[in-house]
Amino acid sequence: MLLTFILPSLRFPARRHISTGPFRLQTRFRSRVISPSGFRMSPSPEFDGNTAQVLVFGAGNFGSCLADHLGDSLHTVYMWSRSESLVKHFNECHRNLEALQDHQFAESITAVGPEFPSAELIHSMDVLLFAIPTEGVRETLAALKPALSGERVPLLIFVNKGIEIKTRALTLEIIADTCGPEIAKVATFISGPSFAQEIVRRQPTSVSVVSLSPTHAEQASQLFHQPWFRCYTGDDPIGVELAGALKNVYAIAAGMAAGLGFENNTRAMLITRGLAEMTRIGTAYGASPLTFLTLAGVGDLFLTCSSSTSRNYTVGHRLGQGESLDHIIKTLGSVAEGVTTSKGLKAIVDELGVAAPIASGVYDVLYEGKAVTERANELMSLPAIRELDLSVESGKPAKRLMKKLGLDA
């Protein structure tokens with residue numbers, strides 16, 4: 001059976017099955033944020049009713065901005081950080097010492113930590129939102145698992161983008177390994193073109209919200225949806241996870257090209273051919289090719305490959321200008337998941353036996369010591385090929401994962 005997420009205010013008995021309908025949420029207009037364009041968006045009149053208790057794991061840029069968005073949508077939000085100084089300063093000033101430092105955060109957010117959240121706090125939550133690097137998800141879920149053993153299980157939402165290096169596992173598989181297949185089957189994933197700096201300024205943003213359970217995807221969508229933050233639901237978490245992880249690798253490639261001095265034609269080429277590679281890898285893995293045409297696919301790819309504020313693009317740009325990877329990582333100031341994802345992706349590409357010359361080129365620069373100029377010349381010297389060439393074989397990795405979840409592939 002699938003697990004349920006039910007708000008306490010609905011006064012339904014807690015059961016381990018899917019509720020019959022989505023909850024509806026109250027909204028308000030965020031008057032303390034002034035859009036630089038002067039374009040003001042009022043809250044949608046269709047939402048009214050319940051608020052949620054939300055615990056956000058991670059106080060970086062994205063975790064902070066989503067906590068702020070939810071806090072300003074009348075939800076009560078707790079944000080966990082390992083930094084004692086961050087927690088203390090945030091609760092005193094409602095500012096984050098380490099992320100979005102110029103932003104005044106919603107007063108409905110309380111920072112907690114550095115100790116891991118207590119079982120008592122977790123049991124009182126309706127939603128657990130994970131905004132931590134993929135490499136830390138397994139450890140966090142393992143620590144969390146004892147608190148998820150009760151009858152009432154919160155809605156789990158994941159916004160990280162990456163592939164675990166050692167196991168080559170997507171987050172969906174990590175959830176199954178640590179928390180069990182029943183929780184994995186109702187876990188929800190949010191992905192799409194969404195820079196944190198723009199979300200906190202209420203710039204119009206849209207994302208994909210997906211789960212193997214359509215009801216839980218709808219619940220997560222209702223939690224986040226506002227006129228300035230539109231949500232579109234789907235049921236292909238494997239495809240969305242792959243797209244969110246892979247686009248970071250192609251953003252590094254786009255940054256490398258810019259660092260070498262190449263301009264718009266080259267960027268458009270890399271985005272388009274990067275999308276072709278992502279789709280080829282994804283379909284060979286077992287994802288739907290249509291997923292790569294969504295906000296989580298081409299939308300996020302376009303944004304990450306075309307903005308200098310993207311961390312992964314910045315890594316590539318600095319590599320293209322001749323800096324060493326070690327120096328870039330030490331001075332970047334934040335995580336660029338494309339660097340670690342490239343290593344996991346290389347193993348997946350080799351296992352699937354698909355052609356991914358751009359992704360392979362990025363790996364060679366990051367981990368094989370090849371010069372950016374050398375690898376760029378090799379890529380541009382490849383023979384002409386057919387433009388559209390999707391895998392015709394069903395994806396074994398997705399079948400293995402679905403079997404682990406007890407589902408037919």
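Modeller: Before we start, a contact means heavy atoms within 4.5 Å. This is a predicted model, in which local features need pLDDT of at least 70 and side-chain atom pairs count only at pLDDT 80 or more, while totals for chains, interfaces and linings use all residues. Residues are numbered from 1 along each chain as its sequence is written, and side-chain values use heavy atoms, with hydrogens and water left out.

Colleague: Which residues does serine 191 touch, not counting residues up to four places away in sequence?

Modeller: Serine 191 touches Lys161, Val207, Ser208, Val240, Gly244, Ala296 and Asp300, with residues up to four places away in sequence not counted. Serine 191 belongs to strand S6, residues 188-191. Strands (E, at least two residues) and helices (H or I, at least four) are DSSP runs, numbered from the N terminus.

Colleague: Is serine 191 buried or exposed?

Modeller: Buried means under 20% relative accessible area, exposed means over 50%, and partly exposed is in between, using a 1.4 Å probe and protein chains only. Serine 191 has a relative accessible area of 5%, so it is buried. In the protein, 54% of the 409 residues are buried.

Colleague: How many helices and strands are there?

Modeller: The protein has 17 helices and eight strands.

Colleague: In what order do the strands stand in the sheet?

Modeller: Strands of a sheet pair through backbone hydrogen bonds, either parallel or antiparallel. Two strands count as paired if DSSP finds at least two bridges between them. Here eight strands make an open sheet with mixed pairing, in the order S3-S2-S1-S4-S5-S6-S7-S8. Strand S3 (109-112) and strand S8 (229-234) are at the edges; each has a single partner strand, so one side of each is left without a neighbour in the sheet.

Colleague: What joins strand S1 to strand S4?

Modeller: S1 (residues 53-57) and S4 (residues 127-130) run parallel and are joined by four bridges. Valine 54 has valine 127 in S4 as its bridge partner. S4 also pairs with S5 in the parallel sense, over four bridges, and there leucine 129 stands opposite isoleucine 157 in S5.

Colleague: Which way do the side chains of S5 point?

Modeller: In a regular strand the side chains alternate between the two faces of the sheet. In S5, Leu155 and Ile157 point one way, Leu156 and Phe158 the other way, and all are buried.

Colleague: Which strands does helix H4 touch?

Modeller: For directions, axes are lines fitted to C-alpha atoms, for helices over the stretch in contact, and angles run from 0 to 180 degrees between N-to-C directions. Helix H4 (residues 137-144) packs on the sheet and touches S1, S4 and strand S5 (155-158), with its direction at about 155° to that of S4. Helix H9 lies across S6 and strand S7 (205-211), and runs at about 40° to S6.

Colleague: Which residues have the most contacts inside the largest nonpolar core?

Modeller: A nonpolar core is a set of buried Ala, Val, Leu, Ile, Met, Phe, Trp, Tyr and Cys residues joined through side-chain atoms within 4.5 Å. The largest has 80 residues, and Leu128, Ile238 and Leu319 have the most contacts inside it. Helix H9 (residues 237-259) gives the most to this core, 15 residues. Apart from this core lies another of 36 residues, including Val77, Ile157, Val207 and Leu223.

Colleague: How many residues of helix H11 are buried?

Modeller: Eight of the eleven residues of H11 (residues 295-305) are buried, and the helix is mostly covered. Among them are Ala296, Asp300 and Cys305. The buried residues of H11 pack against S6, S7, H9, helix H10 (264-285) and helix H12 (311-320).

Colleague: How many disulfides does a search of the whole structure find?

Modeller: A disulfide is a covalent bond between the sulfur atoms of two cysteines. The test is a pair of cysteine sulfur atoms within 2.5 Å, and the search of the whole structure finds zero. Cysteine 231 is buried, at a relative accessible area of 9%, and cysteine 305 is buried at 1%.

Colleague: Where is the cis peptide bond?

Modeller: The cis bond joins glycine 113 and proline 114, with omega about 0°. Proline 114 sits in the loop between S3 and helix H3 (119-123).

Colleague: What is the phi of leucine 74?

Modeller: Leucine 74 has a positive phi of about 75° although it is not a glycine. Leucine 74 is in the loop between helix H1 (61-71) and strand S2 (76-80). With a relative accessible area of 29%, leucine 74 is partly exposed.
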